[in-house]
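Here are my notes for you to read alongside the model. Keep the viewer open and look up each spot as you go.

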Amino acid sequence: MKKIVYLAAIAIVAVSCGQKKRTSDVGSTASSAALQDKVSLVEVVTATRSTVSQDETYASTVEPYAINNIAPQTGGRIREIGAEVGDYVYKGHVMARMDRLQLDQTRLQLQNDSTELSRVKALYEKGGIAQSDYEAMELAYKVRKSTYENLKENTVLTTPITGYVTARNYDKGDLYGMGQPIFTVQQVVPVKLLVGISESEYTRVKKGDSVTLTADALPGKTFTGRVSRIHPTINAATHTFSAEVIVQNSDRVLRPGMYARVKVTFGQRESIVIPDQCIVKQEGTGQRFVYIVNEDSTVSFVPVSLGRHIGTSQEVLDGIPDGARVVFKGHAALKDGSKVEIK
């Protein structure tokens, strides 16, 4: 009798467990179905085309338009110094005077040759000397004059450009020994910059293109320049080419050595533009995606190709059709195929 009661109890427990399991399975299925039917609230923007300026900013350094190292052809004593570092000197300004003993001797010889040439010419015109003698005297005079002009240029040293004196390496009375130049003058009106531009833009940059630039040392100021020269080769290491930009700098505020940011514009194009918040970055990759709302109120997880970044918006080159509804807020709970309701 005890055995029959024991078996009956086991049967009751088994039935009870089976009912609980079926109830649990039904609940799990219902929960899964409810999860699939869950609708996420999202905010969307409509993808529309806008005119996007195609520009890029590059780092560069301000350089003088020209640099002139002032020194004589030969060594000699420096008799006078005519400028100091920081002076703004104009073309033709006397920078230094060298010992002029040789210059004065040559000048006297030239005067003598000039007098002798006049005498010989008078004799030649009267038939007193042969033509070859006259021509030899004339040639000697021209050679002496050329020597004098050369000595004068290397005795009275002037600057061939207008600019700032950036170096003075000798003092009055020093013996110039063919080492460093006596002065260095840098032209800063205008200035130039060499800008390294990506090779992908090589065909889009033209001589005469306008650029804008700013300098860290001059906050709040913007300058305008033009591309004056495009170098014909590509740097194989950096895959960039150099464009020379000229800035007039008439107020002389840009100085050689300043760090600058140069903004180069490559034209305009019509592209889809959406807010940055629409872009989803997939973990572990560099790929970018967006959620597009379909006609059946589901979303598609679509990869996109990005272009320029404009403020808080992003240019999209490929992946979003014109007029598409793109999820702006509410990404967190979404996956491909999720149902959504637009706020």
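1. Start with D216 and R261, which form a salt bridge whose closest N and O atoms sit 2.4 Å apart. This pair ties together distant parts of the chain: D216 is in the loop between β10 and β11, R261 is in strand β13, and 45 residues separate them. Bear in mind that this is a predicted model. D216 is partly exposed at 45% relative accessibility, and R261 is partly exposed too, at 37%.

2. There are 14 salt bridges in the structure. One of them joins R144 to D113, with the closest N and O atoms 2.8 Å apart. Here helix α3 (R144) gets linked to helix α2 (D113), 31 residues away in the chain. Buried or partly exposed, what is D113? With a relative accessibility of 11%, D113 counts as buried, while R144 is partly exposed at 30%.

3. Have a look at E56, E201, R204 and R308 as well: salt bridges link them in a network.

4. Now for helix α3, residues 131–155.

5. Finally, find the open sheet of four strands, in the order β6-β5-β3-β8 with antiparallel pairing. β6 and β8 are at the edges with a single partner strand each, so one side of each has no neighbour in the sheet. Helix α3 packs on this sheet, touching β5 and β6, and its direction makes about 65 degrees with that of β6.

Methods
Residues numbered from 1 in each chain as written. Predicted model: local features only at pLDDT ≥ 70, side-chain atom pairs only at ≥ 80, totals over all residues. Heavy atoms only, no water. Pairing = 2+ DSSP bridges. Helix = DSSP H or I, 4+ residues; strand = E, 2+ residues; numbered from the N terminus. Contact = heavy atoms within 4.5 Å. Axes fitted to C-alpha atoms, helices over the stretch in contact; angles between N-to-C directions. Salt bridge = Lys/Arg side-chain N within 4 Å of Asp/Glu carboxyl O. Buried < 20%, exposed > 50% of the residue type's maximum accessible area, 1.4 Å probe, protein only.
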